[in-house]
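Hello,

Here is the structure we spoke about. Please open it first, then read the notes below it.

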Amino acid sequence: MERGKFITLEGGEGAGKSTNAQWIADYLRAKGKTVLVTREPGGTEVAEAIRGVLLSPELPGMNSDTELLLMFAARNEHLQKKILPALGQGTWVICDRFTDATYAYQGYGRGISLQRIAELETWVQGDLCPDYVILFDLDVATGMARAQARGQADRFEQEHADFFARIRNGYQARAEAAPARYPQIDAGQTLEQVRAQLEQLLERILTTEEVA
Ligand code: Z5A
């Protein structure tokens, strides 16, 4: 059976990934694909429990390496129990954040060596990586304002603007290194305009399965 496509959604906070994940899945289902929507950190019982620790504002001051290891512990569980079996059955997997978030947040944001992240990536993922990383790009101030309007901040949302600026730069650096695999969405537009961009992109993925 042909393996499903693995598509991840990335970007800074408030960029609209969660808002659009289900919409993307519905669009692909209407085109005949079987689709699973999931998220990181999380996606399985154990990984969601780890997510609770990672996001809790009650646990400030977590060591950065601990944070990194917990991200990959959750990812291993998610991959083994959910993502790999689904891809193997031909299901398309839409994942709200994945390893690019680790490079952006723990690497560029916290300052952990990218080489160390790459070693854990190889250990946990082997050579599996997303077929496409849809990057929702948004200026930091707008993203923070959207997130703040939602209410209580989690452990990451309590960071300052310079942390989120490093993250945006990190995502851009990764996208520049492999632009065909990192199609970008201008997430500062209205939801209607964002979905028009997504529709064009998904059509390209469906028809050519290669984004120029
Ligand atoms: N993290 C990490 O550090 N390392 C890792 O390896 C991984 C994750 C995998 C997960 O928290 C945190 O874990 C995340 C990174 C870190 N922390 N941060 N910050 P999460 O899943 O709760 O947080 P998130 O992924 O950042 O979600 P988010 O802030 O909700 O962003 P979003 O999903 O992109 O945004 P949204 O929820 O779809 O939209 C936010 C609000 O904006 C909402 O009210 C929408 O109605 C509104 N919105 C959305 N689109 C628009 C447009 N186009 N116009 C106007 N308003 C809009």
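Helix 7, residues 161-177, is 17 residues long and spans 25 Å from its first C-alpha to its last, close to the 24 Å expected at 1.5 Å a residue. Keep in mind that this is a predicted model.

Which residues of helix 7 are buried? They are Phe163, Phe164, Ile167, Gly170, Tyr171 and Ala175. These residues lie on the same side of helix 7, because they cover an arc of only 135° around the axis. An α-helix has 3.6 residues a turn, so residues three or four places apart point the same way. The face turned away from the buried side of helix 7 carries the exposed residues Asn169, Glu176 and Ala177. The buried residues of helix 7 pack against strand 1, helix 4, strand 4, helix 6 and strand 5.

Next, the rings. There are five aromatic pairs in the structure. One of them joins phenylalanine 6 and phenylalanine 98 edge-to-face, at 5.0 Å centre to centre and with 80° between the planes. Phenylalanine 6 is in strand 1 and phenylalanine 98 in the loop between strand 3 and helix 4, 92 residues apart. Phenylalanine 6 is buried, at a relative accessible area of 0%, and phenylalanine 98 is also buried, at 1%.

Tyrosine 105 and phenylalanine 163 have ring centres 6.0 Å apart and planes at 65°, so this pair is edge-to-face. Tyrosine 105 belongs to helix 4 and phenylalanine 163 to helix 7, 58 residues apart. Tyr105, Phe156, Phe163 and Phe164 form one aromatic cluster.

Two arginines remain. The charged end of arginine 75 sits over the ring of phenylalanine 98, 5.1 Å from its centre. Arginine 155 lies over the face of phenylalanine 156, at 5.0 Å from the ring centre.

Regards

Notes:
Residues are numbered from 1 along each chain as its sequence is written. This is a predicted model: local features need pLDDT of at least 70, side-chain atom pairs count only at pLDDT 80 or more; totals for chains, interfaces and linings use all residues. Side-chain values use heavy atoms; hydrogens and water are left out. Helices (H or I, at least four residues) and strands (E, at least two) are DSSP runs, numbered from the N terminus. The expected span of a helix is 1.5 Å times one less than its number of residues. Buried means under 20% relative accessible area, exposed over 50%, partly exposed in between (1.4 Å probe, protein chains only). The arc is that of the directions from the helix axis to the C-beta atoms. Contact means heavy atoms within 4.5 Å. Rings of Phe, Tyr and Trp (its six-membered ring) pair if their centres lie within 6.5 Å; planes under 30 degrees apart count as stacked, over 60 as edge-to-face and the rest as tilted. A charge sits over a ring if NZ of Lys or CZ of Arg is within 6 Å of the ring centre and within 35 degrees of the ring normal.
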